[in-house]
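Let's take a friendly walk through a protein chain together. Keep the picture open as you read, and look for each residue when its name comes up.

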Amino acid sequence: MFKNSYRLLPQRDFSTPRTPGLFVDSDSYHKGLSFDYIPNVTENDFTDTSQGWLSWICNLVVISLVYICTFLTFPITGWFVLKTVPNYQRIVVFRLGRICPPKGPGIVLVLPLIDQWQKVDLRTRAFNIPPCQVTTRDGGVLSVGADIQFRIWNPVLSVVSVQDLNASTRMTAQKALTHSLAKKTVREIQTERVKLGEYLGMDINEMTRPWGLEVDRVELTLGSLLKAPEDSPSAPLIMPSAPGLEGLTGPIQQLAMHFLSHGAASQPQQEDSIAFTDELSSAAESVTATPGCVEELLSKVKLLLSESLVHQVGACYQFDISSGDGQQRRYYVDLSQGSGAAGEGSLCREPDVTLDMSDRDLLAMFQGELRPIAAFTSGRLKVQGDIKTAMKLEELIKLLKKHQL
């Protein structure tokens, strides 16, 4: 039964050259001394050779007595000894302190007094590594994070090998991230993000497989470039895209890169230097919302409405704004007909795009300190409707910023 459920878990051989990844030849591994106290659960052999004959006889007598008492009082003890295990869980049982084969799914029998058991969830879990500063091989400093998905493939090892599985996996993944990316240049990290994520997943798997854990997916999230490389600061570098843009394809990716590159090109740069700013953090620090600010912004927008602006945008927008005190307000900007209209409340017809965001982010976006595509990819702006139509608000923002100057 158990031979078909669990795979062989070879231990690592440190005498051979290290090959990063999960799919390594099993011949290059041997049994490690650090797990000798655990029975050979990887081969589903739960016999404990360290147990003497006297201990074995005592265990057999105690287990037999418990079985007899359980069956004699079964109508009553049935409520306590029978456990229902879902298909995505297993029960790891310690009988008189010694490990037993995992049980489940279905109805399993757990003996009272002598059995201690723990449920293990086999479903895929996910966590993210917050953006951290990584010093690359060429002297650059880059903010990099990661989204990681993992699952437990051996419930026994996940219980007996490590005390806090989640914390240990997070720490191991973060150390592997900083260590592996420190060997790469800034350009390699930016251009080979997907490949580096695959290699990082293999490296993490090598360290977590003795824990009965397997990493399914690692996706790097590139932040801002905090320091340009020292060897070639004047070389053209790729602008780090906002989190979530790397996996997009087609017209959405082209639209996102258009706004990001347009915003970077509009700022004058000095010769032989590159400057990157974190617009998401600067917007949150510099914009403070006060009562009536959204209404004042709406009055300024009304002064800019014209037929030419309606011709450029050709859509109507509804804004669901949440304030800091928890109140929800609704505004609209209709740029689909005539000279346009704007006001508080709901539209008489179905809007083309509905935007859900806070009042602080709304002010930051219309003041040019937070671009719509950056707010969308960071989760601060939720869009219902066509993304390309929503990004046309950039025309209104440019016009408002021009008149403010």
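Helices and strands are DSSP runs numbered from the N terminus, a helix having at least four residues and a strand at least two. With those labels in hand, you can find Leu113 in the loop between strand S4 and strand S5 (115-121). Please keep in mind that this is a predicted model.

Let's stay with Leu113 for a moment. Is Leu113 buried or exposed? Its relative accessibility is 87%, and exposed means over 50%, so Leu113 counts as exposed. The backbone here is worth a look too. Most residues other than glycine have a negative phi, and most peptide bonds are trans. Leu113 has a positive phi, near 75°, and is a residue other than glycine.

Leu96 also has a positive phi, of about 55°, although it is not a glycine. You will find Leu96 in the loop between strand S2 (89-95) and S3. With a relative accessible area of 34%, Leu96 is partly exposed. Another backbone feature to look for is the cis peptide bond that joins Gly104 and Pro105, where omega is about -5°. Pro105 sits in the loop between strand S3 (98-99) and strand S4 (106-109).

Val66 belongs to helix H1. Because its relative accessible area is 13%, under the 20% limit, Val66 is buried.

Helix H1 also has a residue with another setting. Ile68 is in helix H1, which covers residues 53-72. At 49% relative accessibility, Ile68 counts as partly exposed.

Next, let's turn to charged side chains. Side chains of opposite charge can pair when their charged atoms come close. With a salt bridge taken as a side-chain nitrogen of Lys or Arg within 4 Å of a carboxyl oxygen of Asp or Glu, the count comes to eight salt bridges. One of them is between Arg151 and Asp216, whose closest N and O atoms are 3.5 Å apart. This pair links distant parts of the chain, with Arg151 in strand S7 (residues 141-152) and Asp216 in strand S8 (residues 213-227), 65 residues apart. Arg151 is partly exposed at a relative accessible area of 26%, and Asp216 is partly exposed at 40%.

Strand S8 takes part in another pairing. The side chains of Glu219 and Arg193 meet in a salt bridge at 4.0 Å, N to O. Since Glu219 lies in strand S8 and Arg193 in helix H6 (residues 193-208), the pair ties together parts that are 26 residues apart in sequence. Arg193 counts as buried, at 8% relative accessibility.

Asp320 counts as buried at 16% relative accessibility, whereas Arg330 counts as partly exposed at 36%. Salt bridges can also share partners, and in this way Arg151, Glu214 and Asp216 are joined into one network.

Let's look at how some helices meet. Two packed helices are described by the angle between their axes and the distance between the axes. The axes of helix H4 (residues 165-181) and H6 come within 10 Å and cross at roughly 130°. That angle makes H4 oblique to H6, and their crossing is right-handed. For helix H9 (residues 293-304) and helix H11 (residues 359-366), the axes come within 10 Å and cross at roughly 30°. Angles under 35 degrees count as roughly parallel, so H9 is roughly parallel to H11. H9 passes H11 in a left-handed crossing.

Our last stop is Leu381, in the loop between helix H12 (372-377) and strand S13 (382-385). Leu381 is buried, with a relative accessible area of 3%. Its C-alpha atom is separated by 5.1 Å from that of Met357, a residue 24 residues apart from Leu381 along the chain.

Note on methods:
Residues are numbered from 1 along each chain as its sequence is written. This is a predicted model: local features need pLDDT of at least 70, side-chain atom pairs count only at pLDDT 80 or more; totals for chains, interfaces and linings use all residues. Side-chain values use heavy atoms; hydrogens and water are left out. Buried means under 20% relative accessible area, exposed over 50%, partly exposed in between (1.4 Å probe, protein chains only). Axes are lines fitted to C-alpha atoms, for helices over the stretch in contact, and angles run from 0 to 180 degrees between N-to-C directions. Angles under 35 degrees count as roughly parallel, over 145 as roughly antiparallel, 65 to 115 as roughly perpendicular and the rest as oblique. A crossing is left-handed if the near helix is turned anticlockwise from the far one by less than a right angle, and right-handed if clockwise.
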